[in-house]
Amino acid sequence: MIILFSLFSGNQLGFQTTTDHDPSTLPLINESYELQSNGIIKHTTNNSIYHQLDFQTRNDENNNDTNSNSIILHFSPTSSNDLLINTDNKLSFIKDNLILIIFVSSIYFLWFIFIAGISIVHVLIYLALFFLCSLSDRTRRFALAILIYLTYLLFYDALHLVPNYTISNIHIKDIYLMEKKFFGIYYNGHTITLNEYFQQNHIPLLDVFTGICYLNWIPIPVAYSLYLYRYKTKRDYMDFAFTFLLTNILGFVVYYIIPTAPPWYIETYGFEFDINARGNPAGFIHFDQVTGLKIFSSMYSKNANVFAAIPSLHAAYPLITVLYGSLSKKLWLHIAFVMFTLSVWFSAVYSRHHYVLDVLAGGMCAITAYMLYRILSRIPAINRLLVIYSKSI
């Protein structure tokens, strides 16, 4: 490739690129170059591309202009050798970090094979991380960034190792009565919960709408954090992601302190504790019926622990997008996050997966995590670690 630079008046430099190796084949710039008021790029009939750059001329000690009228730079054409260089970089990373890779891989698979239980998902996560770390420095940084979310997945996956109902007493009737006392409504001569009302009164439009909202409780917050990672600052991404992780940790702790049955549990099992109770799509069964999809039926059939209604993390995650929505500098997006959060909260109650108490507890969990993270991140030692991490991603 040949690039020809030619000097114009003032402090501007025009240059032309071509893939021809013979300089004599270059068209003259003064014959085809046309300066545009905003012209950064101009195409000619021979498919050349013109660029315009600002630069500063340099003078010698006698204040004479040292620039010549034109400069020709020669570049070798792209070849297959570039692919060999990229391959060498990948092999170099693996070779330089072989011991660390073996150690981390061993811990990862020993944990899932002998303790947590391994599945195809765990293998795919490992392969994806290994691929990202080996591909390039940019993808390696991205892999380090998403480790925050993978840590959450590992914590969540480990909850089944020690079921919360083996640690504390299950709350079923007391939560139901409290819900009815504070948020009950008078219907057909009786005081009932909102969940019981929606069990008797649901419409297809809301069945589909609430199902869509509920399915996006994680995708939208995670997608927004990746938007911060790509278009804002790495620190903005870290603040969001670590608040998300801290919200989950607080929520998991409360799961063990106050194991609570969801509203649909009483419909099926009454007020008695049943250790063999399985997950149930509850009101979302109508979504499956209307759409012809078995999304919720399949999803909740794999839920081994149903006594985790308080706090509602479905209510917590969307609220994190509201707390960090101002980082986007887009008012419409911030408002959209507020509407999304309220929609998910309504969906949680409408579907009979959560009481209003659960939803409020989830909101408080997110706010507490947000405030706690802001306090912790101001501690000098922790802030230094965050700065180091931000530079690595």
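The following legends describe an overview and several close-up views of a predicted model.

Residues are numbered from 1 along each chain as its sequence is written, and side-chain values use heavy atoms, with hydrogens and water left out.

**Figure 1. Overview of the predicted protein.** The protein has 18 helices and seven strands; these are DSSP runs numbered from the N terminus, with helices (H or I) of at least four residues and strands (E) of at least two. Of its 393 residues, 38% count as buried. Burial is assigned by relative accessible area with a 1.4 Å probe on protein chains only: buried is under 20%, exposed is over 50%, and partly exposed lies in between. Among contacts (heavy atoms within 4.5 Å) with a separation of 6 or more, 68% join residues 24 or more positions apart.

**Figure 2. Packing of helix H3 against helix H4.** Two packed helices are described by the angle between their axes and the distance between the axes. Here the axes of H3 (residues 98-116) and H4 (residues 120-135) come within 11 Å and cross at roughly 165°. The axes are lines fitted to C-alpha atoms, for helices over the stretch in contact, and angles run from 0 to 180 degrees between N-to-C directions. H3 is therefore roughly antiparallel to H4, given that angles under 35 degrees count as roughly parallel, over 145 as roughly antiparallel, 65 to 115 as roughly perpendicular and the rest as oblique. H3 contributes Ile-101, Ser-105, Tyr-108, Phe-109 and Phe-112 to the contact, and H4 contributes His-122, Val-123, Ile-125, Tyr-126 and Phe-130. By class, the residues of this contact comprise eight nonpolar, two polar and no charged. The nonpolar class holds Ala, Val, Leu, Ile, Met, Phe, Trp, Tyr, Cys and Pro, the charged class holds Asp, Glu, Lys and Arg, and the others, Gly among them, are polar.

Figure 3. Asp-137 and Arg-140 meet in a salt bridge with an N to O distance of 4.0 Å. Both residues lie in H5 (residues 137-145), three residues apart, about one turn of the helix. Asp-137 also forms a salt bridge with Arg-141, the closest N and O atoms being 3.1 Å apart. Asp-137 and Arg-141 are separated by about one helical turn, because they are four residues apart in H5. Asp-137 is partly exposed at 42% relative accessibility. Arg-140 is likewise partly exposed, at 21%, and Arg-141 is partly exposed at 30%.

**Figure 4. Helix H11 packed against helix H17.** The axes of H11 and H17 are 8 Å apart, at an angle of about 125°. H11 is therefore oblique to H17, and the crossing is right-handed. In H11, Arg-235, Met-238, Asp-239, Phe-242, Thr-243, Leu-246, Thr-247, Leu-250 and Gly-251 meet Cys-365, Ala-366, Thr-368, Ala-369, Tyr-370, Leu-372, Tyr-373 and Ser-377 of H17. This contact has ten nonpolar, five polar and two charged residues. Arg-235 forms a salt bridge with Asp-239, with the closest N and O atoms 3.3 Å apart. These two residues are four residues apart in H11 (residues 234-257), and so are separated by about one helical turn. Arg-235 is partly exposed, with a relative accessible area of 25%, whereas Asp-239 counts as buried at 16%.

**Figure 5. Helix H17 packed against helix H18, with Asn-383.** H17 (residues 356-377) and H18 (residues 380-392) pack at an angle of about 95°, their axes being 7 Å apart. H17 is therefore roughly perpendicular to H18. Tyr-373, Leu-376 and Ser-377 of H17 make the contact with Ile-382, Asn-383 and Leu-386 of H18. These residues divide into four nonpolar, two polar and no charged. Asn-383, located in H18, is partly exposed with a relative accessible area of 27%. Not counting residues up to four places away in sequence, Asn-383 touches Arg-235 and Ser-377.

Terms used:
This is a predicted model: local features need pLDDT of at least 70, side-chain atom pairs count only at pLDDT 80 or more; totals for chains, interfaces and linings use all residues. A salt bridge is a side-chain nitrogen of Lys or Arg within 4 Å of a carboxyl oxygen of Asp or Glu. A crossing is left-handed if the near helix is turned anticlockwise from the far one by less than a right angle, and right-handed if clockwise.
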